[in-house]
Amino acid sequence: MRQSDLQTSQQEAQQRLNRAALLPTAGISATQGFNFGTNRDPFTNQFQQLNVRSNNFSATTQLTLFSGFQLRNAIKQGDVEAQATRLDAQKARNDLSLNVASSYLQLLLAQELIRASEARISSTRQQVERSEKLLKAGAVAEGNVLDSRAQLASEESARITAQNQRDLARLSLVQLLNLDPASASRFEVQAPALPNPDAFVATGDGADPNATFEIARQQQPDIKAAELRIESARRGLEIARGAHYPRLTMAAGVQSGFSSVRNQQTRVGDETFTAPIFQVDAAAPGGLRPSPYVFVSSQPKFERLPYKFLDQLADNRGEFIQFSLNVPILNGLQTRVGVQRAQITIQQAELRSEQTKLQLRQTIQQAYADALAAQRRFSASSRQVEALTLALRNAEIRFNNGLLNGTDFNIARNNLTAAESDMIQAKYEFVFRRKVLDFYQGKPLTL
């Protein structure tokens, strides 16, 4: 049962994974590298003889826009499989319940056989005492006393056999219930009053095997699970056919990086320049003479400073978005063969469903036939016990009067013992088969 529960939990986890496949995937990556000697700067694209430390950071996401409805069919298939595994767990509980009920009735049967054996021992012991008194009185031969003592020993041996069967039945029930060994020694069962098989007509109302099968077919979890797995196989066929369709995905991301050798041209101030101003003078040499004025000019001053880490990450940032379309044309017939295999899986699931129904019908028919046979056997054994009881009383009178030897008397007693044992076994066989039929009719397993 716990294994079935774990299987159900595992299938539910798989279903959560199927649903999560509809969500986009996202990831962040970061790398740091050290290059020595002649290397190409990843940002300036120049080869330089120096040591370079570089970092790259990226964040990407991807989303499947269309995949031939494979993801949605996988979710629907997972839902069906999850329902089927829950029904499997219920089937495991039902099987265990039937096994416990069978073992419980076997224990009750063993206890009743012990009580019948003890009653016979008490009767035989009284017969031994009576025979010994008759021997002393000279009314019977010594052989009758010896036969009575031998019969008493046989009855005691039969009781030991019945006790062993009781202990084995009790052990089987304890193991099925998985009881703690410390508490198993104190485990006892209650023996309810069981109905008389003769009180049922044709094994009871509503026990027609065909009607019982129709009820069980609608209620039993293994039948429902088999039908759900047919639906799951059909979803698998739709998944396989989805591989024929194009696949459209979208990806987007952002990335940036850093290089230790990259410099940044930074303005550090202004630089001033002065120049004399000349005036035109024809009398001056060259036609120009200096004026009392000068030209003053300034321009920014730049220096190449190290490019800071965060500044590079901000300046080197880049984003992208892309769409990918994959159209299947030929892939080694994998898609076609996958579709064919999915179709075969549907046929296998349908056959398993039919087989499960057939096994259920056979089980119900067998339980009905066994119950009817046990009922008839109980009736016949009951009449046989009544007749053999009267015969034993007559044989006992003749035995006590010396008209019947011990061997014939023991044969009459053993015949009654066998008839009583068969009647008890038929009774419990009928009760169990009746409970099996009640179970398949949706009734609880109670006595």
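Trainee: What should I know about the model and its numbering before we start?

Mentor: This is a predicted model, in which local features need pLDDT of at least 70 and side-chain atom pairs count only at pLDDT 80 or more, while totals for chains, interfaces and linings use all residues. Residues are numbered from 1 along each chain as its sequence is written, and side-chain values use heavy atoms, with hydrogens and water left out.

Trainee: How many helices and strands are in the protein chain?

Mentor: The protein chain has nine helices and eight strands. Both are DSSP runs numbered from the N terminus, with helices being H or I of at least four residues and strands E of at least two.

Trainee: What radius of gyration does the protein chain have, against that of a compact globule?

Mentor: The protein chain has 48 Å, whereas a compact globule of 447 residues would have a value near 22 Å. The radius is taken over C-alpha atoms, and the globule rule is 2.2 Å times the number of residues to the power 0.38. Along the principal axes, the C-alpha trace spans about 190 × 45 × 35 Å.

Trainee: And what percentage of the residues is buried?

Mentor: Buried residues make up 33% of the 447. Buried means under 20% relative accessible area, exposed means over 50%, and partly exposed lies in between, with a 1.4 Å probe and protein chains only.

Trainee: Turning to the helices, how do α2 and α9 pack?

Mentor: The axes of α2 (residues 70–136) and α9 (residues 406–440) come within 10 Å and cross at roughly 160°. Axes are lines fitted to C-alpha atoms, for helices over the stretch in contact, and angles run from 0 to 180 degrees between N-to-C directions. The two helices are therefore roughly antiparallel to each other; angles over 145 degrees count as such, under 35 as roughly parallel, 65 to 115 as roughly perpendicular and the rest as oblique.

Trainee: Which residue classes make up that contact?

Mentor: The residues of the contact of α2 with α9 divide into 15 nonpolar, eight polar and five charged. Ala, Val, Leu, Ile, Met, Phe, Trp, Tyr, Cys and Pro count as nonpolar, Asp, Glu, Lys and Arg as charged, and the others, Gly among them, as polar.

Trainee: What about α6 and α8?

Mentor: Helix α6 (residues 221–241) packs against α8 (residues 334–400) at an angle of about 170°, with the axes 8 Å apart. That makes α6 roughly antiparallel to α8. Their contact has 11 nonpolar, seven polar and seven charged residues.

Trainee: Where is E227, and is it buried or partly exposed?

Mentor: E227 is in helix α6 and is partly exposed, with a relative accessible area of 35%. The C-alpha atoms of E227 and E350 are separated by 7.7 Å, although the two are 123 residues apart along the chain.

Trainee: Now the sheet: what is the order of its four strands?

Mentor: The open sheet runs β1-β4-β5-β8, with antiparallel pairing. Two strands pair if DSSP finds at least two bridges between them. The edge strands, each pairing on one side only, are β1 (25–35) and β8 (318–326).

Trainee: How many bridges link β5 and β8?

Mentor: Strand β5 (residues 247–259) and β8 pair over nine bridges. The bridge partner of V254 in β8 is E319.

Trainee: Lastly, where do F69 and N178 lie?

Mentor: F69 is in the loop between β4 (52–66) and α2, and N178 is in the loop between α3 (142–177) and α4 (181–184). F69 has a positive phi of about 60° although it is not a glycine, and F69 is partly exposed at 48% relative accessible area. N178, also not a glycine, has a positive phi of about 55° and counts as exposed at 54% relative accessibility.
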